[in-house]
Amino acid sequence: MPDPTPVTSCPMVREPLLSELSGPGRNGLTVPRPFAAGRCADIPAALNPPALPEISEVETVRHYTRLSRLNTGIDQGMYPLGSCTMKYNPRIGEEIASRIADIHPADEAALQPVLAWLLDLKATLEDLCGMDDSCLWPAAGAHGELTGMLVIREALRRRGDDRHKVLIPDTAHGTNSASCTIAGFTSVNVPSGPDGFLKAADLERHLDGDVAALMITNPNTLGIFEQEIDRIASLLHANGSFLYMDGANMNAIMGIARPGDMGVDCMHLNLHKTFGTPHGGGGPGSGPVLVKRGLAPYLPDPRIVRNAPGGIGLVARSPESIGMVHSCLGNVAVLLKAFVYCLSLGPDGLREASIRACLNANYLKERLKKVFDLPYPTPTLHEFVLSDRVQKVAGVTTVDMAKALMEYGFHPPTVYFPLVVPGAIMIEPTESEPVGELARFADAMGDIASRAETSPDLLHAAPRGTPVERIDEVWAARNLVLTWNDLNPSR
Ligand SMILES: Cc1ncc(COP(=O)(O)O)c(C=O)c1O
């Protein structure tokens, strides 16, 4: 095995820890010391304040500012990560969510306004999706999928119907098969047609008495709205199976089309995609599950009820529920930010956001298909998928072009996904982007396509000038550097 050497030699990456910047007497804040005043004599010594770093306010701010510059984010420029919907996170959401930070979850009186707006959010989401009931607690999209599949499993169990298979189109999101497997089902892949649509006739061939559900991502991961969704729902229902919709791409159709009207029985939303809440390094997110009436009894606890003795209350246990999937109120600050997003935009604004998301994606698609391969020319909504087929002739691959985009100040698009497109470049600009930024991105992609012909070696070496330049990914995978000390062996 080669010697473990740091992944990068860039000095910026060696930002010290706060504890290393600490020095005696450098405090920026003096914490009141009730212990010293003898007011808490019975508190054990072990509960004395911990040894926090001693560092001044300005040094702290500079530390975090330097760290933030090592990364990129939506506040720096367009972040066209397909399927992730990296849209602007409105600051008003942060401001309002910060106001609930002091409410203790066990303080029922203080919780009343929180429960009231959670009920309003729930009703808003149900209305937008055309569903009868919902649970706000799952903490991410995949968590919502798992919850939905557990709800379906419970419904089947209670009707004494032992079904094992869940059908999943090849254009579904990758988490779908993992979620249904964790819920105890076996996933069965159903190929889509050459135009990217799932064909009802192909589905029909897979239907038998062991099919519990179809899990369909709609619009799918090619950005295509499933044309035969009504017929697909009818076929499933006639077979005694459920239609689960991964609604994480709802940002393409909110205010325009409702999954409940298409025959969907159960679905989830990704609030951290569609409703403009931050993704924040893998979380916290929020993946509410919405169901038709027949599945409502099995939704997770607790339930919010309007007419409890003290006002709005929480029912901890309901007889047929699958149980709890998250502590108390889920990621409540994320829920509040999503509610602020809905209220700020209003019904017309939400619809407008979907229209703009589709318009922005189609503007880029029209510009980029002139220089890149567009494997599925089918009309798309909020995202689209290119491939590296043209540039590969000169030896330039998707990874080279994604890395090169960083030199232009853009986060790369999603790459090598969906799997139905070899060398996929999946682009989702979202409705947040002004046309100037879209044009800047299209120009950068065009420039990269030209460099693929004239100077491919420069693209193989990209990115240059970023805090971490091109790394040897195979080396890095085999020599994982997982702790700060590994990166700084001298410390
Ligand atoms: C279509 C789709 N489904 C499911 C998920 C999974 O969501 P999460 O990453 O919040 O678990 C995503 C994530 O972006 C998605 O795009």
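Visitor: What should I know before we start?
Guide: Residues are numbered from 1 along each chain as its sequence is written. This is a predicted model, where local features need pLDDT of at least 70, side-chain atom pairs count only at pLDDT 80 or more, and totals for chains, interfaces and linings use all residues.

Visitor: Which domains does the chain have, and how far apart are their centres?
Guide: The bounds come from an automatic or database domain assignment. That assignment gives domain 1 (93–343) and domain 2 (346–478). Taken over C-alpha atoms, their centres are separated by 30 Å.

Visitor: How many residues of each domain are in contact with the other?
Guide: Two residues are in contact if their C-beta atoms, placed from the backbone, lie within 7 Å. By that rule, domain 1 brings 19 residues and domain 2 brings 18.

Visitor: How do the residues on that side of domain 1 divide by class?
Guide: Ala, Val, Leu, Ile, Met, Phe, Trp, Tyr, Cys and Pro count as nonpolar, Asp, Glu, Lys and Arg as charged, and the others, Gly among them, as polar. On the side of domain 1 that touches domain 2, that gives nine nonpolar, eight polar and two charged.

Visitor: What is the strand order in the open sheet of three strands?
Guide: Strands (E, at least two residues) and helices (H or I, at least four) are DSSP runs, numbered from the N terminus. Two strands pair if DSSP finds at least two bridges between them. The edge strands, each pairing on one side only, are β10 (384–387) and β11 (414–415). With antiparallel pairing, the order is β10-β12-β11.

Visitor: Which residue of β12 is the bridge partner of Leu386?
Guide: β10 and β12 (residues 424–427) pair in the antiparallel sense over four bridges. In one of them, Val385 has Met426 as its partner. For Leu386, the partner in β12 is Ile425.

Visitor: Are the residues Ala424, Ile425, Met426 and Ile427 of β12 buried or exposed?
Guide: A residue is buried if 20 or more other C-beta atoms lie within 10 Å of its own, exposed if 12 or fewer, and partly exposed in between, with C-beta atoms placed from the backbone. In a regular strand the side chains alternate between the two faces of the sheet. Here Ala424 and Met426 point one way and Ile425 and Ile427 the other way, and all are buried.

Visitor: Why does helix α2 lie largely in the open?
Guide: Let's check its length, then its surroundings. The expected span is 1.5 Å times one less than the number of residues, so the 13 residues of α2 (residues 57–69) should span 18 Å, which agrees with end C-alpha atoms 19 Å apart. Helix α2 lies largely in the open because, of its 13 residues, the number buried is zero.

Visitor: What is the phi of Thr430, and is Thr430 buried or exposed?
Guide: Thr430 sits in the loop between β12 and α13 (435–454). Its phi is positive, about 70°, although Thr430 is not a glycine. With 26 C-beta neighbours inside 10 Å, Thr430 counts as buried.
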